[in-house]
Amino acid sequence: MSKKLRINGHSHLLPYPEQIPDFMREKGIFWVDPERKNMLQKDWSRPVTDSSFFLNEKLEWMDKYKIDSMVDLV
């Protein structure tokens, strides 16, 4: 019997704050605060509810839960 793949069918991935170009924050387009607690645009913000929104932490999470693949919304 072949192994069934485990797929995370809905995921999010954010850039780390230092990866976001300065002009994006300066123009209010998009940024993540240095503490990685909120993603922001002009007068809007949304909490980052889990560290797995970031690549390295996402890969650790996938390994921990034996996830083979994911569908990612960026």
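In this predicted model, an open sheet of 3 strands has the order β2-β3-β4 with antiparallel pairing, and its edge strands are β2 and β4, each of which pairs on one side only. Strands (E, at least two residues) and helices (H or I, at least four) are DSSP runs numbered from the N terminus, and two strands pair if DSSP finds at least two bridges between them. Local features need pLDDT of at least 70, and side-chain atom pairs count only at pLDDT 80 or more, whereas totals for chains, interfaces and linings use all residues. Residues are numbered from 1 along each chain as its sequence is written, and side-chain values use heavy atoms, with hydrogens and water left out.

The antiparallel pairing of β2 (residues 31-32) with β3 extends over 2 bridges, while β3 (residues 38-41) is joined to β4 (residues 44-47), also antiparallel, by 4 bridges. The residues that stand opposite one another are listed here.

| Residue | Opposite residue |
|---|---|
| Val32 | Met39 in β3 |
| Asn38 | Pro47 in β4 |
| Leu40 | Ser45 in β4 |

Both hairpins contain a residue with positive phi: Arg36, near 60°, in the hairpin of β2 and β3, which has 5 residues between the strands, and Lys42, near 30°, in the hairpin of β3 and β4, which has 2 residues between the strands.

Val32 and Met39 both belong to the largest nonpolar core, whose 9 residues also include Leu14, Tyr16, Ile20, Phe30, Val48, Phe53 and Phe54. Such a core is a set of buried Ala, Val, Leu, Ile, Met, Phe, Trp, Tyr and Cys residues joined through side-chain atoms within 4.5 Å; buried means under 20% relative accessible area, exposed over 50%, and partly exposed in between (1.4 Å probe, protein chains only). Not counting residues up to four places away in sequence, Val32 is in contact (heavy atoms within 4.5 Å) with Pro15, Pro17, Ile20, Asn38, Met39, Leu40 and Phe54.

Lys58, placed in helix α2 (residues 55-64), is buried, because its relative accessible area is 4%; beyond four places in sequence, Lys58 touches Ser11, His12, Leu13, Ser52 and Met70. Arg25, in helix α1 (residues 22-26), has a relative accessible area of 49% and is therefore partly exposed. With neighbours within four places in sequence left aside, Arg25 is in contact with Phe30 and Trp31, and its C-alpha atom is separated by 48 Å from that of Ser2, 23 residues apart along the chain.

On the surface, Leu5, Ile7 and Val71 form a nonpolar patch with about 300 Å² of accessible area together. Val71 lies in strand β5 (residues 69-73) and counts as partly exposed because its relative accessibility is 43%.

Technical notes. Patch = residues over 30% accessible without salt bridge, like charges linked within 9 Å, V, L, I, M, F, W, Y side chains within 5 Å. Areas by Shrake-Rupley, 256 points an atom, 1.4 Å probe, with all protein chains shown as cover. Salt bridge = Lys/Arg side-chain N within 4 Å of Asp/Glu carboxyl O.
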